[in-house]
Every structure is written in structure tokens, then in C-alpha cells.
Amino acid sequence: MDETPLLIVDGANVVGSRPNGWWRDRAGAAARLRDSLAPVATVGLPARLPAPVEVVLVVEGAARDVPGTEGVRVVSAAGSGDDTVVELVADAPQRRRLVVTADRELRGRVTALGAEVYGPRWLRENPTNN
């Protein structure tokens, strides 16, 4: 059993949760989110998620070509980003899985599989994600 927690971020949903002009450059917004997540792999989220953490960012659409970086594995959804998030949760049943999304339907699907769910604000309030 892998004891490293798995943090799965619904990229389109988290990027879209802030009206900051992300729609003009979806790939750039996803890359900025990816970069802000990188410290979580080694630092964790203080008081909520101790390091080390496997961080996965799910991207889709215009952000599909955003590459991974050290600390963040980027998964490009072939179809629905939500379906890809669900598959990642289902593929790691023995691990602690945390999903970041505000999508109500997706929240229901992944909690049914035993994942914890947090909203985008949870990431923004973390000091490693400025």
C-alpha cells in the first residue's frame, strides 16, 4: 500500500473559479496553477496534508498540452476531465485521495469512491499557493 497521499486537482474547475481573465489564455492559466501546486509535493498543506504528496493536475481542452513539472504530474484528459478525475480516484483505492473541485456532480462521484473533496478556496488559502 502506498502511503503517499494523492492530491488530484480538477484544473479547469479550479482555474475557472476566479474571474481573472483565465479565458484569454487557458493553457497559461493551467501552467500557472501547475506551478503554484509544485511546492505541495514536498511541503504538503500545513495542518491538513503532510508531505510528501503526489500531486496530479487534470487538464482538458485548450490546456491539454500543458506539460508536467517536477512535483506535479499533469494528466491530459482524452475526453471529460471529470471522468479522468474519477478514473484516477478509482485506480488508487488503498491510498488517501483528495480531490480539489467545486463541481457538485464530480464531488458526488469521487466521494462515492471514498475520496475527500475540497473546494478551490482550500488551495488558495494555503500559504504555499500564492
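Modeller: Helices (H or I, at least four residues) and strands (E, at least two) are DSSP runs, numbered from the N terminus, and axes are lines fitted to C-alpha atoms, for helices over the stretch in contact, with angles running from 0 to 180 degrees between N-to-C directions. Here H3 and H4 pack at an angle of about 20 degrees, and their axes are 10 Å apart. Angles under 35 degrees count as roughly parallel, over 145 as roughly antiparallel, 65 to 115 as roughly perpendicular and the rest as oblique, so H3 is roughly parallel to H4. This is a predicted model, in which local features need pLDDT of at least 70 and side-chain atom pairs count only at pLDDT 80 or more, while totals for chains, interfaces and linings use all residues. Residues are numbered from 1 along each chain as its sequence is written, and side-chain values use heavy atoms, with hydrogens and water left out.

Colleague: Which residues of H3 and H4 meet?

Modeller: Contact means heavy atoms within 4.5 Å, and on the H3 side Asp82, Asp83, Val85, Val86 and Val89 meet Leu106, Arg109 and Val110 of H4.

Colleague: How many of the ten residues of H3 are buried?

Modeller: Buried means under 20% relative accessible area, exposed over 50%, and partly exposed in between (1.4 Å probe, protein chains only). Seven of the ten residues of H3, which covers residues 81-90, are buried, among them Gly81, Thr84 and Leu88. The buried residues of H3 pack against strands E1 (6-10), E4 (54-59) and E5 (72-76), as well as E6 and H4.

Colleague: What is found at the start of H3?

Modeller: There, a side-chain oxygen of Ser80 comes to within 3.1 Å of the backbone nitrogen of Asp82.

Colleague: Where is Thr101 found, and is Thr101 buried or exposed?

Modeller: Thr101 lies in the loop between strand E6 (97-100) and helix H4 (104-111), and Thr101 is buried, since its relative accessible area is 0%. A polar contact is a pair of N or O atoms within 3.5 Å; within protein, one must be able to donate a hydrogen and the other to accept it, and residues adjacent in sequence count only if both atoms are side-chain atoms.
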